[in-house]
Amino acid sequence: MSSKKASEDLWAKITNIESRAQSVPQKPFEPSALHVILSQLAPHFYTQDQLTQLQNLHQQQVKDEELENNKVNDETIVAKPPSPPPSPPPQLPDKFMNRIKELNGTDIKFLMKKELFETDLNPNQNRLSMQESKIGSEFLTEEEKEITLTEREGRQLVGMEVTVVDPRLREFTLSLRKWDTKKKEDMKKKKKKREMMKNKLQQSSDDGNKVEHCCSYNLVTNWNIVVDNNNFEKGHILHVWSFRVDAKLYILLDKP
């Protein structure tokens, strides 16, 4: 009797567990990338319906990956078009070529197409500015580059003496100097900092406006004379050339 009673009790417990398991709501099957992998390793853990769902998910993943690869390839092709060939330099008029031959000039180079701005014509500025990044040829030696940056006491640039030939073939002696706007801004900040320390102000000197790092070559000293003699105006275009006479640098200004 005791054995029969024990069997009945065990069966009652099993029945109770099964009824409780059936009463718990089953979470619907949600196909995922992890299930796709597991189903390939152990398909016996899944029903046929679940395997069908996972197979469909896998096929969709393959299609999505192919579309993404094609999209990346298309973007790569569009992002890297062939570089256009560099524009040929303009033709130097015969009058300038003849003048260069008279001087036994050599090493003729086209530097840039320069549009004149208000700052180029301002008498207080007295300089023609040529942005370094827009100059299309290397026209200075390494030694000359150093000279254009040389400073006297008081941080006044010495520069390099050059001969400028204007559109009417007249010659002027000017100084070629290289200006670094970042360096100038750093100097301004240092000066401001000294003034603030002198006045015992507890404020950082780095609050000033940031200036983009930009270098330019400038023709200075007698530039106003060149402007006055040629009636240069804002918007005028100059073709700037260089050549050499016995290694001395000449800058030629052609107004087409």
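Is Asn-104 buried or exposed, and at what relative accessibility?

Modeller: Asn-104 counts as exposed, because its relative accessibility is 62%. One caution comes before the rest: this is a predicted model.

Start with where the residue sits. Asn-104 is in the loop between helix 4 (94-102) and strand 1. Its backbone deserves a look too. The phi of Asn-104 is near 60°, a positive value in a residue that is not glycine. Most residues other than glycine have a negative phi.

Asp-246 lies in the loop between strand 6 and strand 7. It counts as exposed because its relative accessibility is 76%.

Now step back for the setting. The protein has 8 helices and 7 strands. Of its 256 residues, 28% count as buried. The protein exposes about 18500 Å², and carbon and sulfur atoms supply 52% of that area. Contacts also reach along the chain. Among those with a separation of 6 or more, 65% join residues 24 or more positions apart.

A search of the whole structure finds 4 aromatic pairs. One of them joins Phe-110 and Trp-241: the ring centres are 5.1 Å apart and the planes stand at 65°, so the pair is edge-to-face. This pair links distant parts of the chain, with Phe-110 in strand 1 and Trp-241 in strand 6, 131 residues apart. Phe-110 and Trp-241 are both buried.

In soluble globular proteins, nonpolar side chains tend to be buried together. Here the largest nonpolar core holds 26 residues, and Phe-139, Leu-176, Leu-219, Ile-251 and Leu-253 touch the most other members. Elements that give two or more residues to this core include strand 1 (106-115), strand 6 (237-245) and strand 7 (248-254). Helix 8 (223-230) is also among them. A second, separate core has 11 residues, including Phe-96, Ile-100, Val-245 and Leu-252.

Leaving aside residues up to four places away in sequence, Leu-176 touches Met-130, Phe-139, Leu-140 and Thr-148, among others. Its contacts also include Met-160, Val-162, Tyr-217, Leu-219 and Leu-249.

Thr-163 counts as buried because its relative accessibility is 8%, and the cut-off for buried is under 20%. Beyond residues up to four places away in sequence, Thr-163 touches Glu-171, Phe-172, Lys-248, Leu-249, Tyr-250 and Ile-251.

Finish back at the surface. Leu-34, Ile-37, Leu-38 and Leu-41 make a nonpolar surface patch of about 420 Å². Leu-34 lies in helix 2 (residues 33-41). It counts as exposed because its relative accessibility is 57%, and the cut-off for exposed is over 50%. Asn-104, where we began, counts as exposed at 62%.

Terms used. Residues are numbered from 1 along each chain as its sequence is written. This is a predicted model: local features need pLDDT of at least 70, side-chain atom pairs count only at pLDDT 80 or more; totals for chains, interfaces and linings use all residues. Side-chain values use heavy atoms; hydrogens and water are left out. A nonpolar core is a set of buried Ala, Val, Leu, Ile, Met, Phe, Trp, Tyr and Cys residues joined through side-chain atoms within 4.5 Å. Buried means under 20% relative accessible area, exposed over 50%, partly exposed in between (1.4 Å probe, protein chains only). Helices (H or I, at least four residues) and strands (E, at least two) are DSSP runs, numbered from the N terminus. Contact means heavy atoms within 4.5 Å. Patches are made of residues with over 30% relative accessible area and no salt bridge: like charges are joined within 9 Å, nonpolar side chains (Val, Leu, Ile, Met, Phe, Trp, Tyr) within 5 Å. Accessible areas come from the Shrake-Rupley method with a 1.4 Å probe; for residues, only the protein chains shown count as cover. A salt bridge is a side-chain nitrogen of Lys or Arg within 4 Å of a carboxyl oxygen of Asp or Glu. Rings of Phe, Tyr and Trp (its six-membered ring) pair if their centres lie within 6.5 Å; planes under 30 degrees apart count as stacked, over 60 as edge-to-face and the rest as tilted.
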